[in-house]
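Please keep the viewer open while you read the points.

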Amino acid sequence: MKQRAALAGLLVLILAAVGFDWATFPPPLPGYAQVRAAWKPSEAWLYDRHGVLIDSARVNFAARRLAWVPLDQIAPVVPATVVAAEDARFRSHGGVDWLAILGSVGAHAKGERGRGASTLSMQVAAFLSPTLAMPGARGWRDKLRQMRAARSLEMTWSKDQILEAYLNLAPFRGEAQGIGAAALSLFGKTPAAMARDDALLLTALLPDPQAPAPRIAARACRLGGAGDCTRFASEAASMLGPVRTLALDPGLAPHLADRLLTKPGLRITTTLDAALQRTVAAALRRQLLGLGGSRARDGSAVVIDNASGDVLAYVGGIGGASTAPAVDAANAYRQAGSTLKPFLYAQAIERGYLTPASVLDDSPVQLDTASGLYVPQNYDRGFKGRVSVRSALAGSLNVPAVRTLLLVGVEPFRDRLWDTGFRGLVEDGDYYGFSLALGSAEVTLLEQADAYRSLANGGRWSPLRLTADAPHVAARPVTTPAAAWIVADMMADPNARAATFGLDSALRLPFWTAVKTGTSKGMRDNWCVGFSRRYTVAVWVGNVEGDPMRAVSGTSGAAPVWRDVMLALGRDDERGPPIPAGIERRRIAFADAIEQPRIEYFLRGTGQSLIAAAPATARRARIVNPASGSVYAIDPDIPADRQRLAIETTGDVRAHHVFLDNRDLGPAAQQLLFFAPPGRHRLRLVDTAGRATDQVVVTIR
């Protein structure tokens with residue numbers, strides 16, 4: 001009987017032990033290497049080509065975590081202070097501080113408030129397995145599970161690994177988790193740069209991270225054993241004050257960081273140069289401050305290495321008076337203005353339609369389109385008359401560009417722009433119409449820079465590189481080397497642009513550069529894009545929200561920034577790029593002295609020494625006014641004979657008559673006027689054989 005009772009008692013003890021073991025069995029814990037590998041910062045970082053940090057971005061907003069900080073990269077005073085305050089016998093116990101537990105039990109037995117007996121090892125175990133530290137988990141069973149987990153942890157982790165994990169996993173103030181985020185957000189320092197007072201204040205946060213500043217200051221003072229605690233009050237207030245401007249995150253490329261840093265923990269090495277990025281940002285900031293927010297609020301600039309396509313500087317915006325500072329203006333589509341003209345003239349020269357010496361007529365023109373008359377105007381609302389292609393491009397004249405587009409064709413020009421990297425031109429040529437010559441299409445600053453870079457590289461285009469691991473794509477020919485060189489030579493000619501910009505504008509540098517400005521319709525965008533032999537610099541100034549600028553011209557908006565950046569890049573080759581094959585050099589003169597004699601460059605076989613306008617007999621007879629599609633309204637208060645319309649013709653019209661509908665108005669060579677009743681009317685130019693060589697349709701209302 002006694003034997004049975006003993007066996008029953010033993011069975012009960014065994015079952016109780018098994019039950020106790022099951023009830024307090026700790027969860028499995030990962031190893032140190034697993035924890036390090038699984039650590040995911042909430043931030044991502046952007047570095048320049050030399051490994052210098054240029055920006056960072058918060059990607060995960062659940063908690064603020066930076067990179068895992070090894071123990072040897074933390075100021076020794078920090079772990080020493082934490083151990084002294086939180087677990088004084090950390091180095092000697094095996095995960096559980098039995099003396100602290102006995103002291104805590106004794107204090108409770110006396111009705112006193114005992115010091116916590118939770119060791120750093122127990123807290124790390126709770127960090128690694130949240131079930132050990134669930135809300136309300138303060139019973140004996142929960143404590144026993146933590147104790148067993150801590151002992152298990154100590155068997156596989158070293159003391160330094162446990163201490164390092166504690167400092168990286170512990171929550172500090174607000175959403176800051178870990179020593180890296182806490183040091184940065186609370187003190188504006190790296191963990192390695194923290195001082196003794198910093199360590200005391202940081203340790204004072206651990207029992208109650210959301211405590212007010214006076215309580216934290218008092219605890220830091222007790223931990224430090226200081227006689228005079230006044231300094232801790234101000235230091236705690238400063239620590240918990242407004243977010244600091246941190247030198248550890250220079251914020252040099254916020255727009256590029258937003259574009260590239262998409263996942264937590266990313267470390268991307270860009271092609272940027274931090275020093276140049278600062279220089280470009282400073283130049284842009286100076287210019288916008290000088291212009292003032294009432295004239296232009298925003299700007300962006302990029303610098304490209306011509307040979308490699310590396311983006312060396314990328315300033316998407318500069319803040320200041322901006323009302324939309326988060327918008328990346330370097331990658332936003334804006335109307336191009338006159339900056340597309342070089343590619344139009346290159347295409348016309350390449351096809352043999354024009355040479356730099358060809359004469360174009362800068363005079364009023366009206367073009368009939370599906371949506372009505374298109375009447376291009378120059379920037380200054382004036383006209384220069386007959387000008388050479390060189391003067392037209394360098395002086396950014398609009399009417400000659402439209403006349404050139406009539407030669408090239410809208411659709412072929414649109415296709416050329418697409419091939420040159422302007423991916424915003426997704427419609428066909430008819431959508432853009434004749435205004436494409438004046439930059440009605442929308443482009444980005446990066447596209448502009450890469451397109452101009454293709455001219456610097458002899459007409460060969462390849463995509464830009466923003467990151468060090470981006471592939472080097474072989475360049476493909478877009479424009480012939482000869483046409484690209486001739487257009488670059490025209491853009492580099494200060495004498496050719498003197499009539500529009502003067503001889504000493506911001507576009508003239510002490511070394512060879514080719515440059516073009518542009519202003520979009522309604523003064524919404526101002527561009528300056530140009531290149532030397534080594535670099536391409538593109539600048540945009542305007543208002544991101546699309547409202548017009550005030551009193552900003554092509555040389556007073558973006559051009560000064562372009563000039564400052566080009567000069568900062570260093571003196572380049574003064575001679576410009578070498579002349580490629582297929583170009584001949586001639587001294588030319590103009591009949592009627594429309595321009596001064598000069599040295600000019602031609603595609604081989606197209607050179608001329610004397611440039612003269614074709615005689616009238618060589619031109620096709622046609623009606624130039626009124627333009628087809630014109631609509632005129634009769635004013636009933638004005639006599640009819642005072643409302644007659646003039647007819648203008650061009651070409652050899654000596655043997656032609658003008659007919660209004662079926663009525664002969666007389667010889668076309670005479671100055672003819674006509675008046676017509678309301679309705680649609682057809683004007684025809686008819687030769688002696690009765691054939692209509694031209695006709696226009698007008699509407700009278």
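1. **Terms and ground rules.** A salt bridge here is a side-chain nitrogen of Lys or Arg within 4 Å of a carboxyl oxygen of Asp or Glu. This is a predicted model: local features need pLDDT of at least 70, side-chain atom pairs count only at pLDDT 80 or more, and totals for chains, interfaces and linings use all residues. Residues are numbered from 1 along each chain as its sequence is written, and side-chain values use heavy atoms, with hydrogens and water left out.

2. **Overall build.** The chain has 22 helices and 27 strands. These are DSSP runs numbered from the N terminus: helices are H or I with at least four residues, strands are E with at least two. Of the 701 residues, 51% count as buried. Buried means under 20% relative accessible area, exposed means over 50%, and partly exposed lies in between (1.4 Å probe, protein chains only). The accessible surface comes to about 32,500 Å², and 55% of that belongs to carbon and sulfur atoms. Areas come from the Shrake-Rupley method with a 1.4 Å probe; for residues, only the protein chains shown count as cover. Contact means heavy atoms within 4.5 Å. Of the contacts with a separation of 6 or more, 67% are between residues 24 or more positions apart.

3. **The D361–R403 pair.** The side chains of D361 and R403 meet in a salt bridge, N to O 4.0 Å. The pair links distant parts of the chain, 42 residues apart: D361 is in strand β7 (residues 359-362), R403 in helix α16 (residues 398-408). D361 is partly exposed at 33% relative accessible area. R403 is partly exposed too, at 22%.

4. **Helix α16 and its ends.** Is α16 enclosed or open? Eight of its 11 residues are buried, so the helix is largely enclosed by the rest of the structure. Among the buried residues are N398, V399, P400 and A401. Just after α16, G409 takes a positive phi of about 100°. In the loop between α15 (389-394) and α16 sits S396. S396 has a positive phi of about 55° although it is not a glycine. S396 counts as buried, at 12% relative accessibility.

5. R334 and D525 pair through their side chains, N to O 2.6 Å. R334 lies in strand β6 (residues 334-335) and D525 in strand β15 (residues 525-531), so the pair ties together parts that are 191 residues apart in sequence. Both R334 and D525 are buried. The side chains of D160 and R91 also meet in a salt bridge, N to O 3.0 Å. D160 lies in helix α7 (residues 159-169) and R91 in the loop between α3 (77-86) and α4 (98-109), so this pair ties together parts that are 69 residues apart in sequence. D160 is partly exposed at 40%, and R91 is exposed at 51%. The whole structure holds 28 salt bridges.

6. E600 is buried, with a relative accessible area of 0%. Not counting residues up to four places away in sequence, E600 touches P356, A357, R390, E584, R585, R586 and I588. The C-alpha atoms of E600 and T355 are separated by 9.3 Å, although these residues are 245 apart along the chain.

7. **Backbone points to check.** Most residues other than glycine have a negative phi, and most peptide bonds are trans. A593 has a positive phi of about 50° and is not a glycine. A593 is in the loop between β17 (583-590) and β18, and counts as exposed at 60% relative accessibility. A cis peptide bond joins N625 and P626, with omega about 5°. P626 is found in the loop between β20 (622-625) and β21 (631-632).
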